[in-house]
Amino acid sequence: QTDRPRILVTRKLTEAAEQRLATRFDVQFNASDTPMSAEALTQAMRDFDALVPTVSDRITGEMLRTEGRRVRMIANVGVGFSNIDVATAQELGVAVSNTPDVLTDATADIALLLILASTRRAYAAEKTLRDGAWTGFSVVDGLGTSIQGKVLGIIGMGRIGQATAKRAAAGFGMEVVFYNRSDPGALSFPARRLDSIDAVMQAADVVSVHVPGGGAAPLVTAEHIAQMKPSAHLVNTARGDSIDQAALVAALQSGRIAGAGLDVFADEPHVPEALRAMDTVTLLPHVGSATQEVRTAMGLLAADNLEAFFAGRDLPCRVA
Ligand code: 8YV
């Protein structure tokens, strides 16, 4: 049918999500499941009514200003939207939506996985075993640190920050301190709000980052990292550019901090060789929301937003 809105889905989605989109729209799927080039995305601005991009697609202001643009709506698959120039979209009246809530628990689970992996030195231990270097049980080798009673410092107490803190407090007996620009309101677990990132960095045994990224400069700077305890670990499941990655690498290399667990990087999929070489670092390839259930829910929520847009209804998750 030619009267149905033409939609471009930039990456392969789960089957359930693709089916739902295909029933409502004239959809083109990127069959190769590799990121599309900037040229292809620019051309898509002229050829489609809406785009369904992911974190791997940078939608720039220049693209949005493409002569003859047909795109009126961008339904991002992801809660974060730092891949999109939302200010320009807003200015031009291009609607943008995201997929919050459905991935909160899955991402907080990965934050806990990284907190545990880093503090318990899981990667180094597994590597020893897989390398055939395990010579037998030892009482004193490979010891990590317990997180019970330790301080978790949350940078960014939004939905995912709260879900992470709740798990750490209720399930693992951690004490929570946090930095958040505004008052997050009543929390369902005990936590102490501190008035600066520095104060959190100084107090925490584990720092977990939950801020959106996409700013002109990282929110967590080299100076902040320099405030951390030598025994502390840093976990990032948010965006690689939320922290000064070079400063983090330097702090790990010099032993200024004890370890890190990273699911996101400044220039994905590029991961600095220096990080890959250190066995005090646990590295995951941006899998915070990567469960069958959640990726389907994200795709369906993007579809909800598209359907609302083309029916002239309010978007369930409008960000521009
Ligand atoms: C997604 C994420 O997998 O939601 C986000 O912001 O980073 C991940 O959950 C990714 O954005 C896919 O576009």
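**Notebook: domains, sheet and ligand shell**

I began with residues 113-288: the chain there is 31% helix and 15% strand, and the end C-alpha atoms are 10 Å apart. Helices (H or I, at least four residues) and strands (E, at least two) are DSSP runs, numbered from the N terminus. Residues 113-288 carry the UniProt annotation "domain: D-isomer specific 2-hydroxyacid dehydrogenase NAD-binding", from an unreviewed entry. UniProt positions are in the numbering used here, feature names are shortened, and annotations may be inferred rather than shown by experiment.

I noted the ground rules. Residues are numbered from 1 along each chain as its sequence is written. The model is predicted: local features need pLDDT of at least 70, side-chain atom pairs count only at pLDDT 80 or more, and totals for chains, interfaces and linings use all residues.

The unreviewed entry places "domain: D-isomer specific 2-hydroxyacid dehydrogenase catalytic" at residues 7-319. I found 36% helix and 14% strand over residues 7-319, with the end C-alpha atoms 19 Å apart.

**Domains**

I looked up the division of the protein. Domain 1 is 6-102 + 292-310, and domain 2 is 104-283. These bounds come from an automatic or database domain assignment. The centres of domain 1 and domain 2, taken over C-alpha atoms, are 31 Å apart. Domain 1 gives 5 residues to the contact and domain 2 gives 7 residues. Contact here puts the C-beta atoms of two residues, placed from the backbone, within 7 Å. On the domain 1 side that touches domain 2, I found 2 nonpolar, 2 polar and 1 charged. Ala, Val, Leu, Ile, Met, Phe, Trp, Tyr, Cys and Pro count as nonpolar, Asp, Glu, Lys and Arg as charged, and the others, Gly among them, as polar.

**Strands**

I started with E1 (residues 6-9) and E2 (residues 26-29), which run parallel and are joined by 4 bridges. Two strands pair if DSSP finds at least two bridges between them. Val9 stands opposite Phe29 in E2.

Next I looked at an open sheet of 7 strands with parallel pairing, in the order E8-E7-E6-E9-E10-E11-E12. Strands E8 (192-193) and E12 (281-283) are its edges, each pairing on one side only. E10 (residues 233-236) pairs with E11 (residues 259-262) in the parallel sense over 4 bridges. His233 has Gly259 in E11 as its bridge partner.

**Backbone checks**

I found a cis peptide bond between Glu268 and Pro269, with omega about 5°. Pro269 is in the loop between E11 and helix H11 (273-277). Asp101 has phi near 70°, a positive value in a residue other than glycine. Asp101 is in the loop between strand E5 (95-97) and helix H5 (104-119).

**Ligand**

Which residues surround the ligand? I listed Thr54, Val55, Val77, Gly78, Val79, Gly80, Leu103, Gly288 and Ser289. A residue is near a molecule if its C-beta atom, placed from the backbone, lies within 6 Å of it. I found 4 nonpolar, 5 polar and no charged residues in the shell around the ligand.
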